[in-house]
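Please find below a short note on the structure, written as numbered points.

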Amino acid sequence: MTNSTGFKSYFQLHNVDWGSMMSATWETVWMTLLSMVAIVILGIILGLILYETRNKPGIGYRILNWLVGLFVNIFRSIPFIILIILLLPITMKLAGTIIGPRAALPSLIISAAPFYARMVESYFREVDSGVLEAAESMGATTWEIITKVLLPESKPALIAGATVTTISLIGYTAMAGAIGAGGLGNLAYQDGFQASNNTVTLVATVIICLFVFIVQFVGDIFVKITDKRTL
Amino acid sequence: MIRFKDVSKQYSTKDGGLTAVNDVNIEINDGEIFGIVGYSGAGKSTLVRMLDGLEAPSTGEIAINGTDVSKLHGSQLRKQRQKIGMIFQHFNLLWSRTVLDNIALPLEIAKVPKAKRKQRAEELIKLVGLEGREHSYPSELSGGQKQRVGIARALANEPTILISDEATSALDPDTTNEVLDLLLKINKEMNLTILLITHEMHAIAKVCERVAVMDSGKVVETGSVFEVFRHPQQEITRKFVSEEFTPQQSDNTMTLDELIKKYPDGQIIRLIFHGPQAELPIVSDVVKRFPDLTVSIISGAIHQTQEGALGSLDLQFVGDDSQINDALEYLKKMRVGTEVIHHD
């Protein structure tokens with residue numbers, strides 16, 4: 001192996017181990033997608049609780065709103081890298097290990113779900129109150145209003161928000177990778193930085209960028225398909 | 001029968017209490033089209049929202065066929081709501097659903113099986129004249145078409161009462177008339193009680209049999225539309241009636257002040273005709289009997305109400321006061337309603 005220095009060092013493709021690049025890419029993709037599934041479910045549930053308990057009379061609602069709001073605000077404000085370290089014992093218990101993509105999932109989910117929950121809450125608040133009232137006047141239960149009106153009427157926004165969250169999550173996976181979670185971030189750090197192999201770092205970056213573009217593209221298409229407001 | 005008995009509604013706001021509805025007593029018969037007219041903030045919407053249990057009255061009783069709806073809760077209240085259809089100023093359709101699925105929504109809520117939902121929705125689409133638009137989304141429809149979907153949706157569960165809350169206020173005059181005609185049609189065909197909330201006297205005149213006039217939470221006048229138009233008792237009612245009688249609502253419509261400025265001499269008299277008098281040569285009689293009077297026609301309009309035609313004619317009389325008074329006397333004898341708008 002020859003290692004050049006300077007600008008040239010970025011373009012020594014013969015230094016790239018394509019096998020480990022492929023498996024690192026795969027790790028990043030599934031870490032992202034798997035945690036996104038959990039984030040969307042958890043985020044919608046938390047967002048729904050925030051929305052439904054907001055400005056409602058009754059002490060029970062107020063306490064619930066305050067508790068969920070507090071949880072969301074706390075985990076949204078902890079820097080991700082610190083959150084990983086903070087959650088290590090919990091990760092150990094849940095995943096049985098603190099190394100590898102599996103170990104990254106709890107901290108990815110706990111940091112991004114509150115972020116998405118706040119978005120979800122604001123999307124629900126943007127649903128036309130007249131339409132909600134119309135459903136109420138038809139005799140709909142709260143659950144029917146949620147499933148038949150609130151969720152379908154905010155679907156494009158929910159998808160757009162999930163797209164944004166996925167993209168910032170890809171950034172998080174790279175950060176998690178740097179401290180041992182595997183994936184492209186890990187590869188760029190270990191095989192790229194520590195082995196002074198700039199080409200690996202650059203290829204990993206390009207793949208991550210491609211992944212981001214694909215996510216944005218697919219997200220935009222789904223938003224367009226589901227949004228029937230302007231035709 | 002719907003009966004509002006001593007109904008009041010207070011809100012507490014930052015600036016203290018606010019009485020939105022103040023001691024309202026109204027009885028509405030089955031199968032009737034009943035109008036509630038008033039300016040925005042008069043309490044009309046609050047009143048009908050209480051009928052649907054969307055708001056609870058502070059005091060009083062709201063009974064539908066003897067059941068006090070303000071006492072209903074939970075599933076009983078939801079069942080009751082299914083028996084009341086509601087249409088809105090801004091249609092309140094789900095943009096995410098097609099016409100067919102919007103109409104099927106109340107049926108889904110009423111747990112009607114899927115095959116029957118589709119069949120019922122298709123019937124309703126035919127009733128409101130939207131054949132061929134079943135699979136369109138609301139964003140592809142005009143305002144009038146959207147309101148037709150709103151009406152079809154409101155009728156889905158075969159309600160006994162239909163509440164129209166400013167349903168024509170966002171529509172242009174032609175579309176307003178189309179929607180009002182549709183309401184008349186379904187009232188006749190389905191023997192539906194309709195509560196029409198509006199600030200447009202035109203809509204009231206066109207479809208309602210009786211009307212209640214609301215002003216700052218109170219019902220200030222109730223009666224048959226025909227009577228209210230002929231003999232408005234309250235200042236606010238007169239204002240509503242004269243708004244409707246201002247001819248053609250077009251650019252050349254003049255306000256009272258402009259009229260007075262333009263015709264400063266003599267007196268401006270408004271004559272109200274109804275039914276048979278509209279066919280008598282009353283104006284030419286006046287001209288013949290009082291040759292010293294100069295009579296000019298300023299404006300006029302004729303309106304069709306559910307009980308017959310009502311006409312209004314604004315005239316300028318110039319001449320002796322005694323002559324003018326005699327002319328007014330004569331008009332009264334001919335049972336023409338008169339109102340002196342301006343006296344110089």
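1. The model is a predicted one: local features need pLDDT of at least 70, side-chain atom pairs count only at pLDDT 80 or more, and totals for chains, interfaces and linings use all residues. Residues are numbered from 1 along each chain as its sequence is written, while chains are lettered from A and ligands numbered from 1 in the order in which they are written.

2. Chain A contains 10 helices and zero strands. Helices (H or I, at least four residues) and strands (E, at least two) are DSSP runs, numbered from the N terminus. The C-alpha trace of chain A spans about 75 × 45 × 25 Å along its principal axes.

3. UniProt, in an unreviewed entry, lists residues 25-219 of chain A under "domain: ABC transmembrane type-1". UniProt positions are given here in the numbering of this note, with feature names shortened, and annotations may be inferred rather than shown by experiment. Over residues 25-219 the chain is 87% helix and 0% strand, and the end C-alpha atoms are 20 Å apart.

4. Under "transmembrane region", the unreviewed UniProt entry lists residues 29-51, 63-88, 94-117, 157-180 and 200-223 of chain A. Over residues 94-117 of chain A the chain is 79% helix and 0% strand, with the end C-alpha atoms 23 Å apart. Over residues 200-223 of chain A these values are 100% helix, 0% strand and 35 Å.

5. Two packed helices are described by the angle between their axes and the distance between the axes. Helix H1 (residues 18-52) and helix H5 (residues 101-125) of chain A pack at an angle of about 40°, with their axes 6 Å apart. Axes are lines fitted to C-alpha atoms, for helices over the stretch in contact, and angles run from 0 to 180 degrees between N-to-C directions. H1(A) and H5(A) are therefore oblique to each other; angles under 35 degrees count as roughly parallel, over 145 as roughly antiparallel, 65 to 115 as roughly perpendicular and the rest as oblique.

6. The crossing of H1(A) and H5(A) is right-handed. A crossing is left-handed if the near helix is turned anticlockwise from the far one by less than a right angle, and right-handed if clockwise. The residues of this contact comprise 23 nonpolar, three polar and three charged. Ala, Val, Leu, Ile, Met, Phe, Trp, Tyr, Cys and Pro count as nonpolar, Asp, Glu, Lys and Arg as charged, and the others, Gly among them, as polar.

7. Helix H4 (residues 88-95) of chain A also packs with H5(A), at an angle of about 125° and with the axes 9 Å apart. That makes H4(A) oblique to H5(A), and the crossing is right-handed. A:Ile90, A:Thr91, A:Leu94 and A:Ala95 in H4(A) meet residues of H5(A) including A:Arg102 and A:Pro106.

8. In chain B, the domain assignment gives domain 1 (2-231) and domain 2 (246-343); such bounds come from an automatic or database assignment. The domain centres, taken over C-alpha atoms, are separated by 37 Å. Nine residues of domain 1 of chain B are in contact with eight residues of domain 2 of chain B, where contact means that C-beta atoms, placed from the backbone, lie within 7 Å.

9. Where do the two chains meet? Contact is made between 20 residues of chain B and 20 residues of chain A. On the side of chain B, helix H2 (74-82), strand S6 (84-88) and helix H3 (99-109) each give two or more residues.

Methods
Two residues are in contact if their C-beta atoms, placed from the backbone, lie within 7 Å.
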